[in-house]
Amino acid sequence: MERLFEDIRFGFRSLRANPTFSFIAILTLAMGIGVTTAMFTLVNSVLLKPLPFVDAHELVYVTLENKKTGELSGRTDISFVERIEKLDSPLQELAYYAYNQVTLGKGDIQTPYTVLITSQNFLSMHGVKPIIGRWYEAKDLNTQSVVISYNMWQKEFAGDPNILSRVIKLDNRDYNVLGVMPLNYSSTGFTSIEVWKPINKLDRPVQIVGRLKTGLSTEQAKQQSMAIERIVDEILGEKDSVWEIKYTTVLESIVGNSKQSLYLLLAAVLAVFLIAVLNVANLTFAQYTNRVQEFAVRVSVGASRGRLLRQLITESALFCLIGGLAGLLLAAWSLEWIRELMGSRLPRLHEISLDQTAVLAALALISISALTTALIPAYSLVNPNKLTDAIKQAGQKMTGDKNSQKVRRFMVSSEVGIAVVLLVCAGLLIRSYINLADQDTGFNTQNIVTGHVWLPDNFKPQPNRHSYWLDLVETIKNQPEVIAVAASSTMPMGMTGIDYPVNYSYQGAPVVPRGEEPTASVRSITADYFSLLEVPILAGREFDYRDTANGPKVVVINDYLAKTIWPNEVAIGKTLTLPKWMGGDHRIVGVVGNVKHRGLRAVPLPEFFLPVTQHNYPGMSLLVKTNSNANVATIKSMMLKTSIEKQATAPMILLETMQDLTEGSIVGERLILIVLSVFAGVALLLASIGVYGISDNMVSQRTSEIGIRMAIGARPALIRRWIVWNASKPVIIGAVVGVLMAFIFGQFLASVLYGVKIFDPITFAAVPLVLVFVGIIATWLPARRATRIHPQQALHYE
Amino acid sequence: MTTSHPIISLQNVGKIFRTDEIETHALSEIQFDIKEGEFISIAGPSGCGKSTLLSILGLLDVPTVGSYRINGESTEDLDLDQRALLRCKSIGFVFQAFNLIGDLSVFENVELPLTYRNDLSREARKRKVETALEKVGMAHRQRHFRGQLSGGQQQRVAVARALVCEPTLLLADEPTGNLDSKNGEAVIQLLNELNEQGTTICMVTHDTRYADLADRVIQLFDGKMVDEQIPMHPMAANQ
């Protein structure tokens with residue numbers, strides 16, 4: 001122990017004696033360990049840690065999937081759940097839920113909140129108890145009772161301990177609060193749910209969640225579900241076997257979409273860590289080379305090789321520990337930054353924290369760093385033969401043997417190679433993002449403000465729902481700065497609204513087996529929708545005053561659908577047959593251009609449009625076209641005010657410009673791009689430091705050689721070229737190997753790239769050139785320094 | 001073997017080193033010529049300015065005052081590249097510590113100055129290197145590396161490297177300083193032979209045995225020339 005303290009004391013002295021080395025090494029490791037710990041924490045918290053439910057691994061989403069097309073069924077309503085839960089299934093328990101919106105009324109102010117309307121056993125099945133009060137139960141079904149979130153309790157009721165005895169107003173109705181859920185409780189992966197309300201009636205599909213019988217995997221559950229699948233077809237009135245039950249763990253369902261991106265970023269950050277460690281190992285190499293004489297003296301006075309190694313590992317552990325602790329601070333800051341950057345776009349973000357696992361991960365990274373940075377150079381330098389030579393050459397500077405140089409050059413080549421891979425990946429993502437941003441949406445996104453209105457369940461507009469929507473549109477249209485207004489059941493470029501595929505048929509349609517019917521997405525719209533968005537009308541007309549509720553059923557289809565059904569015929573005047581509940585036969589009155597409805601990455605899909613007068617929903621998105629110089633904030637405020645004036649419990653939410661929505665549709669790609677670019681930038685910086693380090697060390701090690709060369713006639717330019725060339729060789733080798741590696745690793749990016757080939761020649765040519773250029777700059781300064789060495793001084797350099 | 005034609009001419013050369021607070025006069029009022037084919041020694045105690053003078057002679061440093069001419073041409077206005085070229089073509093260096101480059105073979109070490117000239121083919125360089133190595137009796141070791149040679153052998157290779165460009169002047173800075181007496185004498189013998197073959201030599205040494213072998217000895221003390229003498233050559237005396 002005493003020796004350990006001696007080593008630590010000497011280690012501190014070494015750190016103080018070489019402040020530049022210590023600063024660079026600690027900074028590099030802080031960056032490497034910090035970002036790696038942050039990304040590991042993110043992956044662990046989002047992907048790996050069990051969800052905070054009792055026996056979370058048993059919780060599964062139950063969906064019906066079309067055996068032929070793989071499409072999910074939208075026919076899972078409450079009655080369906082009630083029937084299948086009576087069957088012998090691999091599930092212990094079944095529950096259901098759907099999203100809704102309520103407004104919390106406090107005086108004249110109505111604040112919209114997202115509510116999860118669920119079966120009475122939903123909360124108890126998840127097993128997380130409220131911090132105050134209780135779950136709802138069967139007896140609460142027909143009472144006006146809710147459970148609220150911790151956030152709502154604090155924000156709206158100032159954490160009132162008597163909340164259970166208070167009556168709150170939701171959608172202007174009185175409700176009892178049964179309980180308050182814990183801070184950050186989330187049953188869906190996101191924390192936007194503020195109210196849970198029990199229901200047993202709903203006239204729309206629900207999500208089904210169940211608890212598998214203990215010990216069953218999803219695969220085993222699937223195998224045990226064959227019998228009930230037959231009954232499912234019966235329940236749904238199918239003659240053939242169309243549907244199969246699919247079980248997806250809740251964890252997989254919540255985080256599945258984020259998996260690829262997070263693992264990609266984790267791989268990238270591990271690469272950055274590797275570069276950081278190699279970099280510090282390289283710097284340590286230079287340090288050790290300067291200390292060979294000291295090592296030799298230590299050996300000559302009795303230090304064993306093991307003893308020497310222990311001292312060097314202790315020294316490395318010191319600066320790795322300091323770097324690691326700084327890295328932990330950086331990780332905490334990075335996680336805050338990621339939280340802000342991701343907003344609500346990443347599930348389980350509220351669960352991310354620098355917990356015990358994160359600290360253990362950081363300690364593991366510190367240990368790896370300490371061992372690597374000490375042992376790689378020590379293995380090469382601290383061997384008896386070399387130290388004996390050092391003793392013989394006492395008083396002369398060791399120039400570093402060829403093997404040491406090879407190891408160091410290999411490390412620099414590795415750093416450059418890894419940096420090339422990261423930069424190529426970032427380059428491909430940048431090109432992909434530019435392609436996405438340049439995509440034509442199919443409509444004009446300029447000067448449009450959007451918002452969404454949900455009508456509460458207890459609100460029955462008079463004389464009917466479509467009149468309410470038309471009235472709201474008309475009222476907003478009459479406001480200043482407004483040019484046109486339209487409404488749609490689903491917002492283009494947004495994830496809000498009602499969007500589902502509907503079976504269709506037409507005269508002469510081929511007979512297809514059940515379950516393989518063609519489908520198209522339905523949108524309910526008001527007149528002027530296409531002209532407002534400047535979607536081209538390719539044939540016929542858009543909806544207008546003629547398309548009344550009781551008039552002939554009409555439909556507008558998009559070009560994709562028209563060409564799918566009648567590739568060589570005129571669609572106008574033909575009949576599109578929709579399900580009976582949607583009105584059956586509809587006459588096609590218009591064909592419009594395709595739009596990228598679900599975002600810039602989306603491909604056009606078959607779509608049909610129904611007039612709001614003939615088919616509408618309780619939720620509609622409003623699109624308001626304004627003058628180009630209109631103040632967006634004023635328009636948003638006007639839209640909100642108008643909606644509240646029309647119906648206090650139906651305030652307009654999600655107010656955004658169409659331009660922001662469009663850009664937001666590729667925000668996921670942008671976030672990955674930003675994070676990966678940061679990593680690639682750090683990799684480039686670290687690799688440059690590595691190259692600078694090796695060339696600087698080369699100048700130091702070869703000062704006397706430089707003097708000799710100058711003494712026998714080498715011109716300064718030749719010396720510079722010689723240094724630059726020698727130091728650039730590992731850069732060039734690394735760049736070439738990196739390009740080859742990028743060919744291999746680029747395959748993993750295939751699914752996230754848009755309009756860019758994995759082997760994009762511009763990226764693959766530009767990145768290594770940039771890196772070699774940066775490498776040459778990094779060698780230039782030491783090379784210039786070399787030519788400023790006074791030959792006489794160099795010749796007497798020791 | 002001397003002629004009356006001076007190839008090196010120093011006029012009132014001085015060298016001052018300045019730091020923030022101190023001004024050190026390393027050399028002052030140095031004035032002498034070296035004639036073609038001459039062998040001169042610069043002698044004096046440690047710190048007297050011998051190495052500084054050799055650096056100026058070798059164009060590794062510039063005098064603070066005075067003029068330095070090689071073959072009648074002034075060196076004051078030469079830039080770094082011109083000095084390097086002139087050094088490469090006209091001056092050969094032999095150092096006390098041999099200063100062979102460890103990564104290069106004997107052949108490559110000797111070839112190095114020729115590679116800086118850009119005016120010789122590979123074949124021409126090879127011939128010159130072999131000739132230089134033969135002159136110093138090291139032709140048979142041309143594939144060896146520094147670590148495989150004794151001190152005496154290393155210094156022979158260093159002499160070959162200094163000679164390979166057929167310089168006007170060979171500068172030797174304590175060439176025997178790192179050698180035992182046997183090898184030291186052998187190197188001095190080699191320098192004598194080269195001088196007899198026409199090479200002009202300027203040698204810095206503090207060993208009077210070797211200094212007195214020169215045609216002329218310049219004594220330095222505290223940066224000044226305190227004496228210039230023509231020693232009684234032992235071999236000449238015997239004759």
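In this predicted model, B:Ser9 has B:Asp33 as its bridge partner, and B:Asp33 sits in strand 2 of chain B. Zooming out, the two strands are part of an open sheet of four strands in chain B, ordered 2-1-4-5, with antiparallel pairing. Which strands lie at the edges of this sheet? They are strand 2 (23-35) and strand 5 (73-74) of chain B, each of which pairs on one side only. As a rule, side chains in a regular strand alternate between the two faces of the sheet.

Further along chain B there is a hairpin to look at. Strand 9 (residues 216-221) and strand 10 (residues 224-229) of chain B pair in the antiparallel sense through five bridges. Here B:Gln219 stands opposite B:Asp227 of strand 10. Two residues lie between the strands of this hairpin, and B:Asp222 takes a positive phi near 50°.

| Strands of chain B | Sense | Bridges | Facing residues |
|---|---|---|---|
| Strand 9 and strand 10 | antiparallel | five | B:Gln219 and B:Asp227 |

Now for chain B as a whole. Its secondary structure comes to eight helices and ten strands. The C-alpha atoms of chain B fill a box of roughly 50 × 45 × 40 Å along the principal axes. Is the chain compact or extended by its radius of gyration? A compact globule of 239 residues would have a radius of gyration near 18 Å, and chain B, with 18 Å, agrees with that.

Next comes the interface with chain A. In chain B, 22 residues are in contact with 19 residues of chain A. The two chains bury about 2000 Å² between them, 57% of it on carbon and sulfur atoms. On the chain B side, B:Leu60, B:Asp103 and B:Tyr116 lose the most area to chain A, together 30% of what that side buries. How many salt bridges does the rule find across the interface of chain B and chain A? It finds zero, while two residue pairs are in polar contact, both at pLDDT 80 or more.

Helix 1 (50-57), helix 2 (80-90) and helix 3 (106-115) of chain B each supply at least two residues of the side that touches chain A. The largest share, five residues, comes from helix 2 of chain B. By class, the side of chain B that touches chain A has eleven nonpolar, five polar and six charged residues.

Finally, two backbone details deserve a look. Most residues other than glycine have a negative phi, and most peptide bonds are trans. B:Leu59 has a positive phi, near 60°, and is found in the loop between helix 1 and strand 4 (65-70) of chain B. In chain A, the peptide bond from A:Gln462 to A:Pro463 is cis, with omega near 0°. A:Pro463 is found in the loop between strand 11 (448-454) and helix 14 (465-477) of chain A.

Definitions and conventions. Residues numbered from 1 in each chain as written. Chains lettered and ligands numbered in written order. Predicted model: local features only at pLDDT ≥ 70, side-chain atom pairs only at ≥ 80, totals over all residues. Heavy atoms only, no water. Contact = heavy atoms within 4.5 Å. Buried area = accessible area lost by both parts, 1.4 Å probe. Salt bridge = Lys/Arg side-chain N within 4 Å of Asp/Glu carboxyl O. Polar contact = N/O pair within 3.5 Å; in protein donor to acceptor, adjacent residues only side chain to side chain. Nonpolar A, V, L, I, M, F, W, Y, C, P; charged D, E, K, R; others polar. Pairing = 2+ DSSP bridges. Rg over C-alpha atoms; globule rule 2.2 N^0.38 Å.
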